[in-house]
Amino acid sequence: MDPLDHLAGPGSDLLRRVDDLLAAAGAPDDHWIWPLLRRLGTLPGDALGEVVALRPAPLAAAGHAVRTLVREYDHARADLTGGDPWQGAGAQAYAAHRDALAAYLDGDPESLTGRLEATAAYADAVDDWVAQSRHALARTLADVLGSAEAVAVVTGTDSGTVALAAAEIGARVLATVTEAEARGTALLHQWAPDLTELPYRGPVDPGPTRLDATTWISG
């Protein structure tokens, strides 16, 4: 468990009150919560639930699983290397396609192995993003749970004061979630070029187009 897990219970209780107050009384027209609500399209309590549901452990496991595949691709490429015990037009064509497939499996960043390594690195980056987002929201929750606005929301009697306090708490939570969402979007854009599908690239010179020449097999 991390700090957000410890604060999720009391935080959810407070934000449930905040959501109810926002739905019933709204907020002043010029309050800074409005652009945050429009951007995220969700109330503070629901936003908290979405971040609480984010877990870094599955992403770390995914990165490890992908790196296991990298080793398997390395072995497959190794099986394709080495000299051929035959010669002739057929051997030349086979060698051209074999070498192209080997390069496609593992040659440079623009190979299947390169894509797998990028995918694993992306999983690690998202893992870090989830952890950072959870810690940032935990800090915000700790602040709002101990704030005067929280006392007003729970015990206040003046409707105007209570509504404004709810808007302040909601805005602080939504601001933290908005920052996390922006970092996540930037992360996706950063990694997108390295995560696209990589089509197979055939050999530049596929060898002889006619395979009716003699083939010699060395003994």
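Let me begin with a term: a residue is called buried under 20% relative accessible area, exposed over 50% and partly exposed in between, with a 1.4 Å probe and protein chains only. The model before you is predicted, so to speak of local features we need pLDDT of at least 70, and side-chain atom pairs count only at pLDDT 80 or more, while totals for chains, interfaces and linings use all residues. Residues are numbered from 1 along each chain as its sequence is written, and side-chain values use heavy atoms, with hydrogens and water left out.

I turn to helix 2, residues 33–40; helices here are DSSP runs of H or I, at least four residues, numbered from the N terminus. Its buried residues are Ile33, Leu36 and Leu37. After helix 2 comes Gly41, with a positive phi near 65°.

Next, an arginine in helix 6: Arg115. Why does Arg115 count as buried? Because its relative accessibility is 11%. Leaving aside neighbours within four places in sequence, Arg115 is in contact with Pro109, Glu110, Pro193, Asp194, Leu195, Thr196, Glu197 and Leu198.

Methods:
Helices (H or I, at least four residues) and strands (E, at least two) are DSSP runs, numbered from the N terminus. Contact means heavy atoms within 4.5 Å.
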